[in-house]
Amino acid sequence: MNFDLTDEQEQLRDAVRALGRRYGHDYFVAKAKAGEHTTELWAEAGRLGYLGVNIPTEYGGGGGGITELAIVCEELAAAGCPLLLLVVSPAIAATVINRHGTEAQRKRFLPGFADGSLKVVFAITEPEAGSNFHRLGTVARRDGDDWLLSGRKCFISGVDEARYVLVVARTEDATTGRLKPALFVVPSDAPGLTRSKLDMEIVSPENQFLLYLDEVRLPADALVGESVDAGLPALFTGLNPERITVAAMGAGTGRYAIERASTYTASRKVWGGRSIGAHQGVSHPLAHAAVQVELARLMIYKAAALYDAGRDLEAGVSANMAKYATGEAAALAVDTAVQVHGGAGMTTEYGVATLLGAVRAGRIAPVSREMILNYVAQHVLGQEKSY
Ligand SMILES: Cc1cc2nc3c(=O)[nH]c(=O)nc-3n(C[C@H](O)[C@H](O)[C@H](O)COP(=O)(O)OP(=O)(O)OC[C@H]3O[C@@H](n4cnc5c(N)ncnc54)[C@H](O)[C@@H]3O)c2cc1C
């Protein structure tokens, strides 16, 4: 058993950490409050090859796996820049196209993922279906060689920054009521595709949208893969990278919060000579949060290693557990960091309360803690499905 990263992975970690620290949380918050995007950070990370670490070398990427992408997600978040679009674009969309797209689709899209110049966001959630994707109502029907897509999506991140949206739709001939999903690469400016921004209580430069698809006409090659049969495996392919990278982002955020908090508590003195961190009532909650984050990290990198070894089923269990554990650990870490800062914890200046909304959302999205517990109950504990 080996818990060490390779030398290359260590170098990647150090380099991404250095980049993240040059931008930092103040930059991230300033962009969010100005209603702008982290365009400079994304572009620089792309130029340096960090956004394409998981893309095969023949398409211009780094030739690594989800482990490398998790490192990028974690280190940027640990520097105070948790970029959700890393989860949707290189982790989900690029993985789906790489593993299930046609060769023409790989040639068309992967070089843009590799250098970060292409952002593709992901749209599965719908207002009526919610966590139950078997009830998806977005329909794709054929019209000659073309496809026509109609339906509604909600909470779709980053549509305003992306050139394409990877849309999950139900193919019209699925009359049995069973989901026959198909994935389509839809230009974000396609006629018939409109959006409205959701007001979210999250300090983030990345936005969520409602999407309306009204007879959006797409050419035959917008369908991911050779046929609609590629849809279900393609959808499942995206799930493990999504859970692993979102967990890595949460772990990085937890580390960031604990680092800010422990720096503060080691220097803040209100009772004469000793720092507030000398009091166990302050240091133990921080230490407890640090333990939770580190435990979650173990499961993240186990899941990533299993996934990169092609052990998808085992990776599924670990990825779900990692996502669950990190969602809880990151929320605990940020809440504890706010508490030990006292009043300063609620200021923008100390840079921890700015993460409360994001870590709270991390217990709901991209898959809620309850749906993960359902998964573990059924697939690990052998319990009957209740829904
Ligand atoms: C910040 C943010 C970004 C997002 N980005 C994207 C994106 O880019 N693309 C995208 O497609 N979606 C995105 N989402 C949507 C997200 O994936 C969903 O919000 C999430 O899957 C939960 O679905 P829901 O909101 O419909 O909740 P619901 O399904 O309505 O569930 C409501 C509550 O009931 C619980 N619940 C539901 N069913 C069960 C059950 N069977 N057993 C136990 N509990 C249950 C849920 O856990 C939850 O707590 C985003 C959401 C957020 C908050």
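Helix H10 (369–379) has buried residues whose cover includes helix H8 (312–340), contact here meaning heavy atoms within 4.5 Å. Helices (H or I, at least four residues) and strands (E, at least two) are DSSP runs numbered from the N terminus. In H10, the buried residues are Ile372, Val376 and Gln378, where buried means under 20% relative accessible area with a 1.4 Å probe and protein chains only. The model is a predicted one, in which local features need pLDDT of at least 70 and side-chain atom pairs pLDDT 80 or more, while totals for chains, interfaces and linings use all residues. Residues are numbered from 1 along each chain as its sequence is written, and side-chain values use heavy atoms, without hydrogens or water.

The shell holds 21 residues, the closest being Thr125, Ser131, Phe155, Ser368 and Glu370; a residue counts as near if one of its heavy atoms lies within 4 Å. By class there are 13 nonpolar, 7 polar and 1 charged residues. Domain 2 (122–227) and domain 3 (232–381) both contribute to this shell, so the ligand lies between them.

Now to the polar contacts, pairs of N or O atoms within 3.5 Å. A ligand nitrogen is 2.7 Å from an N or O atom in the side chain of Thr125, and a ligand oxygen is 2.7 Å from one in the side chain of Glu370. A polar backbone atom of Pro366 is 3.1 Å from an oxygen atom of the ligand. Taken alone, the ligand exposes 970 Å², and the protein buries 69% of that (Shrake-Rupley method, 1.4 Å probe).

Technical notes:
A polar contact is a pair of N or O atoms within 3.5 Å; within protein, one must be able to donate a hydrogen and the other to accept it, and residues adjacent in sequence count only if both atoms are side-chain atoms. Ala, Val, Leu, Ile, Met, Phe, Trp, Tyr, Cys and Pro count as nonpolar, Asp, Glu, Lys and Arg as charged, and the others, Gly among them, as polar. Domain bounds come from an automatic or database domain assignment. Buried means under 20% relative accessible area, exposed over 50%, partly exposed in between (1.4 Å probe, protein chains only).
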